[in-house]
Amino acid sequence: MTKQTNITATEARFPLASLTLSPINPRQTVPEAEIVELAESIWTVGLIQSIAGLADDKGGAEIVAGGRRLRALQYLAEQHDNLASIRPELANPLVMIARDVETAQTWATAENITRKNLSPAEEIRAYGKMDKAGAPAAGIARAFAVTEAHVYKRLKLAGLPEQVIDALAATEINLGEAAAFTICDDADLILQVLEQSRKGHLSEYQIRNMLKPDAVSASDRRAKYVGLDAYKEAGGRVSGDLFADRTLLDDEAILDQCFADKLAVAARTIRQEQGWKWAEVVDASYFGGYDIDQMKCARIYAEQGDLTEEQAERYDELAELAEAEVLDEAGEAELEALQTILDGAYSDVQKDCAGIILHVRNSGELSVVEGLVKPEDKEAAVAAGVLAASKHKTSDAAETSSKPRMSQALVDDLKRVVTGARQHAAIKNPDLILALLAFQVSGGANYGNPIGLNASDVPNWPTTEASGYALDARLTTSTEWDGDAFDRDLAKAFRKFRKKGDDHVQAELFRHLAGLLSGGDKKLKALIDQEVKTDIRAVWTPTFDNFFSRIAGPYLNDIWRTVLGLKEGNYQLNTFDSLKVGEKRKKLDALFNDPETRDAMKLSKAVEKRIAKWVPEGMA
């Protein structure tokens, strides 16, 4: 003990009713939800941290540090009339009493400045200990004033080998990379991949791919078509990626077998029920005109049906109601039945000569391509009158003696006249033209474009794919079309497209035209950017994969200096400069993408703002 001791505070218990919030407490207002969360935490684990105040002249104290805790205790007193008997330590909390106003003001300021949250690694270990002690997730959530979902994710990480948590604590990997290890239960494999990550940085995607290279996402078309239940019944194993919020199928061989079996059953069933000569399946998400040509198949179409005069009038009436969006459910069913008649059906004679191809689209839906005549069946199809004889089998003499009835120049002129007449009539119907344009740019017309608009490709997707990059979904989502792209009935598809209404038409037009925006020259681009307030960082953030791993040391140093506002010779800059290039890249990635790293660095608001706004040279 020194010769002179300064007594700075006295601890004493006070009745809760004698405590008030001091005017010098910096937390004068706190959201009610925060108070309730903290109260639940205190009720679960007690008042771990005492409160501090300045004695008043009424035998009580004014609280200068711990205002949230005081209000949480007062909330508990309101909820429990018998708090003094069941939880006396909460009804009479321990208070540190400052010796004077100056000390009290120092405490009030210091507590809010020095408060530090647990690091992710510390939090994971703390949750893991409580879990092993038998604490439920809900109890852990109340104790730390966090959500149960947050607890479950941390507990998932707590189950990893200790070396992974050590690497996280040492900032050798970030939280996202640690989370990637949770998809695997093989501890030896996890440690092998961790060691590779330490030698050379691995992205979250690379870690997941190395741990489960053969895993298939439940969003895969095969998984959608087969269904998880059928896959599991066949012995397939399912695992989850809690952090990526997705389901993984671990046995691709079983999935492929289930997929092939279900397709084979579908082919056999449709062939028997509809009477086709043959039915085959292809393991592809798309099957169109090119594929039919490769099979050297001919294509025949259903014999179009005819409506009676009465049915034709009713069809027009229902179509008008559908365009006006006032058609009821019964009317839609009637219109669909009439449309089926118009679309026609394949005759038994046609089916005796032709077959079908089945495939599964990316959406997981079964698609059937009908009316295909194989090379060996073409002669029989011609004899049956369902396929026209090839025009290429005429004799050379016939070809040379047959002269064209019109010159090609005249043919071209007549085509132009027909086009002019069509334009002359269409110019009176701007709504039709607008709808046709939207239909075309949405991809509905394939190569049969109704309007002579050539849409140049305006690339807007980097080679690094979605790493740190996210555009408005309207710019990246394709329009869904029924049927095969090259064999679609365009008139039918257009009627269905237009039936969705003007709002849909305009939305399709505007989003696809937006996807064609290139900006023009420098001045026009500047005008557009000013008008729409272009914000690069709203859609793109520099990451290890998309940027830092692709630049060299000097530029990395410059970025670190610029965003942190460091001067030449600063120890932080010198320390960063001494690191290996790979370590520099990882530190910059964490600085830009890991909030917990920035919290630990206690960055100023100005630095946070620079990080949030920074873009590479040439982009601004």
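View 1. Aspartate 316 is partly exposed, at 45% relative accessible area (partly exposed lies between buried, under 20%, and exposed, over 50%; 1.4 Å probe, protein chains only). Aspartate 316 sits in helix α17, residues 309–323 (helices are DSSP runs of H or I, at least four residues, numbered from the N terminus). The negative patch comprises Glu309, Glu310, Glu313, Asp316, Glu320 and Glu323. Patch residues have over 30% relative accessible area and no salt bridge, with like charges joined within 9 Å. This is a predicted model: local features need pLDDT of at least 70, side-chain atom pairs count only at pLDDT 80 or more, and totals for chains, interfaces and linings use all residues. Residues are numbered from 1 along each chain as its sequence is written, and side-chain values use heavy atoms, leaving out hydrogens and water.

**View 2. The salt bridge of arginine 222 and glutamate 252.** These two side chains meet at 3.1 Å, N to O (a salt bridge puts a side-chain nitrogen of Lys or Arg within 4 Å of a carboxyl oxygen of Asp or Glu). Arginine 222 belongs to helix α13 (residues 221–226) and glutamate 252 to helix α15 (residues 252–274), so the pair ties together parts 30 residues apart in sequence. Arginine 222 is buried, at 13% relative accessibility. Glutamate 252 is partly exposed, at 28%.

**View 3. The salt bridge of glutamate 334 and arginine 314.** Their side chains meet at 2.9 Å, N to O. Glutamate 334 is in helix α18 (residues 329–343) and arginine 314 in helix α17, so this pair links parts 20 residues apart in sequence. Glutamate 334 is partly exposed, at 31% relative accessibility.

Key:
Patches are made of residues with over 30% relative accessible area and no salt bridge: like charges are joined within 9 Å, nonpolar side chains (Val, Leu, Ile, Met, Phe, Trp, Tyr) within 5 Å. Accessible areas come from the Shrake-Rupley method with a 1.4 Å probe; for residues, only the protein chains shown count as cover. Lys and Arg count as positive and Asp and Glu as negative; His and the chain ends are not counted. The place of a charge is taken as NZ of Lys, CZ of Arg, CG of Asp or CD of Glu. Helices (H or I, at least four residues) and strands (E, at least two) are DSSP runs, numbered from the N terminus.
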